[in-house]
Structures are given as C-alpha cells and as structure tokens.
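Here's a quick briefing to read with the model open. Have a look at the structure first, then work through the points below.

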There are 6 protein chains.
Amino acid sequence: MSSGNELTHFDQEGKAVMVDVSDKAETTRTATAKGRVLVQPETMQLIQQGGFKKGDVLAIARLAGIMGAKKTPDLIPLCHPLMLTSVKVDFTLDPENNAIEVIGTCKLAGQTGVEMEALTAVSIAALTIYDMCKAVDKGIQITDIRLVKKTGGKSGTYEAE
Amino acid sequence: MSSGNELTHFDQEGKAVMVDVSDKAETTRTATAKGRVLVQPETMQLIQQGGFKKGDVLAIARLAGIMGAKKTPDLIPLCHPLMLTSVKVDFTLDPENNAIEVIGTCKLAGQTGVEMEALTAVSIAALTIYDMCKAVDKGIQITDIRLVKKTGGKSGTYEAE
Amino acid sequence: MSSGNELTHFDQEGKAVMVDVSDKAETTRTATAKGRVLVQPETMQLIQQGGFKKGDVLAIARLAGIMGAKKTPDLIPLCHPLMLTSVKVDFTLDPENNAIEVIGTCKLAGQTGVEMEALTAVSIAALTIYDMCKAVDKGIQITDIRLVKKTGGKSGTYEAE
Amino acid sequence: MSSGNELTHFDQEGKAVMVDVSDKAETTRTATAKGRVLVQPETMQLIQQGGFKKGDVLAIARLAGIMGAKKTPDLIPLCHPLMLTSVKVDFTLDPENNAIEVIGTCKLAGQTGVEMEALTAVSIAALTIYDMCKAVDKGIQITDIRLVKKTGGKSGTYEAE
Amino acid sequence: MSSGNELTHFDQEGKAVMVDVSDKAETTRTATAKGRVLVQPETMQLIQQGGFKKGDVLAIARLAGIMGAKKTPDLIPLCHPLMLTSVKVDFTLDPENNAIEVIGTCKLAGQTGVEMEALTAVSIAALTIYDMCKAVDKGIQITDIRLVKKTGGKSGTYEAE
Amino acid sequence: MSSGNELTHFDQEGKAVMVDVSDKAETTRTATAKGRVLVQPETMQLIQQGGFKKGDVLAIARLAGIMGAKKTPDLIPLCHPLMLTSVKVDFTLDPENNAIEVIGTCKLAGQTGVEMEALTAVSIAALTIYDMCKAVDKGIQITDIRLVKKTGGKSGTYEAE
C-alpha cells in the first residue's frame, strides 16, 4: 500500500479517500502506543494517592482511553470502522520526572492496522488526566505520543524502542 | 472552586463527579492550546506541497480538530456539554525542526472554561496528521500539547508563554 | 456576517473555521425545510397503508428525522452545537405524483440559525423512507431538498415559496 | 428476502425490525449513489475557485461525506452496523447547469448491502456544500439523490443508468 | 474465561480491561432480555390506544430500543464493538398488572455474547416509554430487567425461565 | 403543557413531536432517580472488595452513568438536547438484600426538566454493574428504576418518597 513516498489517504488527484482495504488479508494485528503527561510535583503526589484514599485519576483515565479507542473512526476522518477485540490502557508513574507514562494496546483480526486506535486511546487517557488535574495544575503538558510496537499486516512487526 | 490542592472532579469521599457549575457566572471564555507533530524531513515536504498540488493534509486535520472539539464531552468523562460559539484550528510549519505546530482556540459564553475543548481540538488534529502520514513515516511523534492562554471565568486570564 | 459574496466558513486565507457567533444576538430562530421522495405507485400504496394495517414507514422516518436534527453538529463539520427547543417532521402524501413530501421545522433561541438542522431532519427522514422501501423499489429518488422559510437573526424572515 | 411486495423492515404484524441477516452469505458488496446540488452562478464560481486560491468547499464536503457514511447505522434506524472497507466521495462540476454532482461509493465484504451508506455519504456531502455556501446563496437545492449501481448479494448487480 | 469467581473485566492487578476475545471462536450468539414498565391504569389505556387512534408509544419505544442496542459499545465502557446481524424489540401488554413487558433479542456471529446489547435495547425502550408517558404519570417504574435466554459461545445455552 | 390526560410527545393527530419548549421559562431544575441491581451474595462480596484490593466495579459504573446522562438526547428520541451543569451518580450497598442501590442526580438551568437524564444515568450505571459482574453471576436483575425527586419548572417540586 505504501508504495514509496505517497500519502495513501489521497488518490492520484490528491483527493482524500478512505483507503480501500477490501483485498487486504485478515490477520491478527496489534499496536502499542505510548505518551507522557508532565505535571507538577504536588500533582504527582495527588495522583499517587489515587489507589488508596482519594478518588482515582488513573482509573478514570484508563476507562476514558478504552472508550476513546472505540471512537477512533468517529474522530479520525479517514479511519476505517473496526471491531477491536482487545483494548488495554495502563500507566507507569515516573515520580522522578513528575511524569505519568500512558501505554495503550489494541488488537483485532482485521484488514487494517490498529495504530490509530492505540494512539487515540493514549491521547484521550492523557487528556482525561489533564482534565482531572487542571484545577490544581495549569501547566500540564502531554508529550511524546508515539507508536512503539505494531504486529501483523503485510509490513509485519515494527518496533520503535 | 479549586480550594487549595484538591482535585475538583472528586467529592469529599473521593468519588468522581461532574463538577456542579450551576451557580457559576456566565462569562465569555476562550482558551488556546498548542501542540507539535514531529515528522521526517520527507514527510514535511509532502505536507508542504498540500496547498497546491497534492491532497491537503492540513485542511483535513483542521476539520478533524474542529469536529473533535465538539465531541469533547463525549470523550472526556467529566467534561460538561458546552455550546461552543467558535472553534479555530490552525497550523504553523517549522521546517527547520520538521515540526508542524497545531494551534486550537475555542470560545463561548458559559459557566465553565473551554481548555479541554481547545486541547482536544489540538490532539485530534495532530492524530489526523499522524494518520495521514503514517504510511510514509512510522516514527511520527505528537508532543508539547499544552494550554497557552485562557480568558474569562473567576480565575481570569492565564497565559503560559 | 455575509459581507457580500464571501463564503463565511473560510477566513481571509481560505482556512475553514467554525464562524465565531459569540457576539451575535440571541433571538428566536426557526427554519422550515422541505424535500420529496419519489417512489413507484406500488410503494406509494404500501406507505399509505401505514396508518392502519401494516408497519408505519412514515412514523419511523419522522423519528429518524427528529433524531437526525439533533445530530447536525456531528454531521456537518462547521455547524455549531445548538440546543434545539423544538423539532417537527411531517409528511404530505402526493399520490398523483407518487411523491412523499417531507417537511422539517426546527426552532431555538440562539445566536445562529437552524437551517441546517431543518435540512438535516428532512434528509435523514427521506433516507429512512428510502431504506424502508428499497427492498420493493430500487429506483427511489430523494429530491428538491431546500429551505422554504427562516425567521429570526439579523437577516430576518426569508421565504422561498 | 424481498419476497414480492413486502416491506422487509416490518415483521408479519407490522412491527419494525432490524432484518435478520445472520444467515446471508458474506459477499463483496459495493454501492454507488449520486446527487446534485443546484446553486447560483456566483456560488458556482466561488466553488470552482476552491482548488487554487480560496478555501476548498468540496474538500470539506468530501470529508463530511466519508465521515457521514460511517455514521449510517446511527442515523438510519434499521440499518445494520457495518464495517466499510472503502468509502469514496467525489464531485463533478457542471457549470452549465450550475450544478455540483456528488458521487459516493461504499464497499465491504458483508452480509448486507451498502446502498444506504453510499446514499448517506452523498446526502451529508451535499448538505455540507449547502452549509458552506448558504451565506451567499439562500436558494440552494439538493436534488436527484439516487442509487446508480449496486453489486454483490443475492440479487446481484443492479444498474440504474 | 470466567474461571471461578473472578470479575473478568479486571486484570490480576484489578485494572479495568476490555477482555481480550481475539482467540475466542466465532459462533452464532443470541440473547434475549426482558423488563417491565409499571404504569397507572389511565396510562395503560393511553398506550393501548396507540395502535389505532393516537400516537403510538410502543412503536417509538421499539425503534429507540433497536437504535439503543447499536449504541451499546458507546454506553457500556468495557463492551466490545459488535456487528449485530439482528435486533428485535417487542412488547406484551399486561393490563391486569398495568405493566408493559419489553422483550429484546439480539443476534450475531461473533467472538463475544450479546447479552448487554439485548439488555440495553430493553432499558432504552423502557426509558422511552417512560419519557413519552411521564407528563401524565409521574410514578412510572422500570423493573425486572434481566437476561432470559442466551445461546452460543463456550458456555452454551442459558435459560432463566 | 400536560393538559389533562394527554401524551405531550404527540400532536393532535397523534404524530410524534419534540415538544416545543421555546416559550417555557428557564428555571433551575434538578431530578434524582434511583434503581436497584440485585446480585448473588458472592457477587455482592466481590463488589464490596472494590474499594481496596480489587478493581472497582462501582467507580466504573459511576463514570458510565455520568457519561450516559450526557447521551440522553441521543438515546431517547424525543428528548431535547440539554446542557447539564451537574451530574452525580452514587451507590448504596444493601448487603442484607444483596442489592446495590444506584442514585443519579442531574441539574441545569433550562426550559425543560432533567428526569430522563437522571433515569438514564441510573440505567446505564446499572447496566455497567451488570456487565462487569455477568461472568460470575448470570441471574442479575435491574429493578425499581424510578424518579424520586424533581424540582423546578412550572409543576414545581415532586417527591416520590
């Protein structure tokens, strides 16, 4: 599909298309994306308390990320509707850098990859952390959203890290 | 509302709530968010061609960002439904750094701010750029998503830059 | 807003924007749109039976049209989210011409008109009639979708017929 | 399924059903629909400028049509959720008649046809053209929305033109 | 999957996941759910009139239930997106008990069951009856929403009644 | 509006309408609804563990209920789009009866009441509890969904209990 340096979401005349995947083989495909949310040290502490005493920012962000993955074809104009068979969103706290790492993994057996679903899961989870902490922290940044791994499809396994 | 270091999206017992804004004054509120999409030099060139010869990545990302802003209450669990009166999404190309800067601005007269709408517009526009370029560039990163300006509401104007 | 022959959904540089209506006055606005669905004589008879014996095509199309009006900002990229205070969809059967006329009326007190909501109501109601009859009639046409009346806003009342 | 002159979206007692397609064969199915948007000569000129200097009405309408096709099961009450593998929306300008022809084509391998998806794509694209031009042209009409071709499924190929 | 007394929507560490069904066999699955709407005797009469003279509450509730089933993955956070091949919603009037029984049945060939889709269809249909009657009856109750039958999948047929 | 024993969602001819509320006064309106989820004793124990060691069923159901309230106009055909200013979903465990009570409260300043929003919040939260527990408990029932309190609007305060 990606024959050389062409943007595949355009046809020869430069018109946007939802790429025709009708003839692509149905294979098991997975994608894992990551991103980071940078917060103030005090915010980091509030988030870390989530698990035991106070409301749990990360549990809510996880759910938002999972639901966000399902909305990908509604959000990204040229994405195909897909039937995800698995979505996982997880977090690693990196208190030294006052960062929350967001990890999203999607899976299905289908004709097109699930990178955008994994990236959307990460983005929506990160935005939700932002929303829940913004009253105490106006300088939050969402950063380093990227694909880290992808399996299945004609191009096979890709690993960024 | 943000009394000290409390996360306002939780009540005293730590339960998630959609914050009650019924008694907040209706004021004109704006928010501007930014983010950056980092691509390969070749991708940068393909995007720059958008305006004249080839399909226009940025025009599509702009539209996705505007539509994404409208979906914010669907995506971010504790966001209020809002009636945005203006949404703008724009881009600045920074070819030296192979970066596309995404700028999103939202506006309304209402009881709660529009930061999340601006940040969502930027995120969805950035994800759309990613989607449209991913066939030729597997290492794209979305980064530095942040609020840069906010006006209106009790807390008044905030400017990050 | 419509200063001369400019398309208002673009800014000076030709970039799509959701027009800023923040400073427009809030007035009561209504819009009525119409359209026609052209069917075979046999289909017309089946639809006419709807009220008494068989399933009611028009009742379902009416509901789809009302629900469709509410989805307008999701469907039409640069439409503002609106809080419609009234939506009506009705039908006039014109058996001589084997036509079902669809009439949609929307209303609200707001800063922008509801033409698109009325037109969307008509379009979705017409598509639903199509869907429900297509098994017996492959040549259905949806035609003459247009605004027939509009009140409120700076430009005042407009009447097409 | 369409045994004689029955509306298949109702059961024997006239109750609306989403037709059971569980036992239908999965075949490759395509559908192409067309429609026309009739505008003033001045509007036609503004649209024709889209490709080079001013904002591009048709590019936005194309995107709205593609996204609209994906929303078909949300809009048309008794349509099945489908996984479209291809959506294309295109336009032919007919300046002599001041008409924009909208052409939508959908495709999938599935148990039910994609006519409604193609017709919805055309309708939403046409409504978007309307929305973007309505500030300069109050008399726009959307007309002649119809199925022109359909392949796959038990009933095989159908061609209207 | 349901190994003993574990909640399958959480992983070992208690984090919410959309259960990975990638390796489950695709079988035909059906589910039937029921619920009851309890109304005042006068409301019961108004509903019973629906079929002939007055607007038809049940026809509208049926449609809302069918459309609601399609929205299940949007509503229930950890539900998989599914391609339902059949949705039926029906009603039995029980005037002696002033109850409307709602029955919803969903079907597909897939890797996961459709209980939630059937239960959602019943719930949304019941809520719609409530909405349409609430102006004349403030004490309506929705009750006894439950799964009555389920076929397909590893666990086979389940019948509650 | 509710003049005697009329269903207000139909006009004089029995056609469904979204009731015209354009001329109703904007007042502060609240509504509280309740419902019960009946489970097995073992399920009750698993849910009670939620707060400390295992994944938290109720936190997820709370979020689903809040998000569900926002979707009410999408789900209930004749509901108006509303801008809720507050949504709360809470739970009371009643281990003696193996019941989880769900309580939903919505609020806004508007022209129409928020009963359906509160009832939808309760229904979706209850369905989510069902979904999360169904692997270990096939006989769950959702019951007693009802309005318990309503304030604001022309009809004033209503209290059921």
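Predicted model: local features only at pLDDT ≥ 70, side-chain atom pairs only at ≥ 80, totals over all residues.

Residues are numbered from 1 along each chain as its sequence is written, chains are lettered from A in the order in which they are written, and side-chain values use heavy atoms, with hydrogens and water left out.

**Chain E against chain C**

- Chain E and chain C each put 4 residues into the contact (heavy atoms within 4.5 Å).
- About 440 Å² is buried between chain E and chain C, with carbon and sulfur atoms giving 78% of that area (accessible area, 1.4 Å probe, that two parts lose on being put together, summed over both).
- On the chain E side, Ile60(E), Leu63(E) and Met67(E) supply 72% of the area buried against chain C, more than any other three residues.

**Two helices in chain A**

- Helix α2 (residues 57–70) and helix α4 (residues 115–133) of chain A have axes that come within 7 Å and cross at roughly 145 degrees (lines fitted to C-alpha atoms over the stretch in contact, with angles from 0 to 180 degrees between N-to-C directions; helices are DSSP runs of H or I, at least four residues).
- Among the residues making this contact are Ala61(A) and Gly65(A) of α2(A), and Ala121(A) and Ile124(A) of α4(A).
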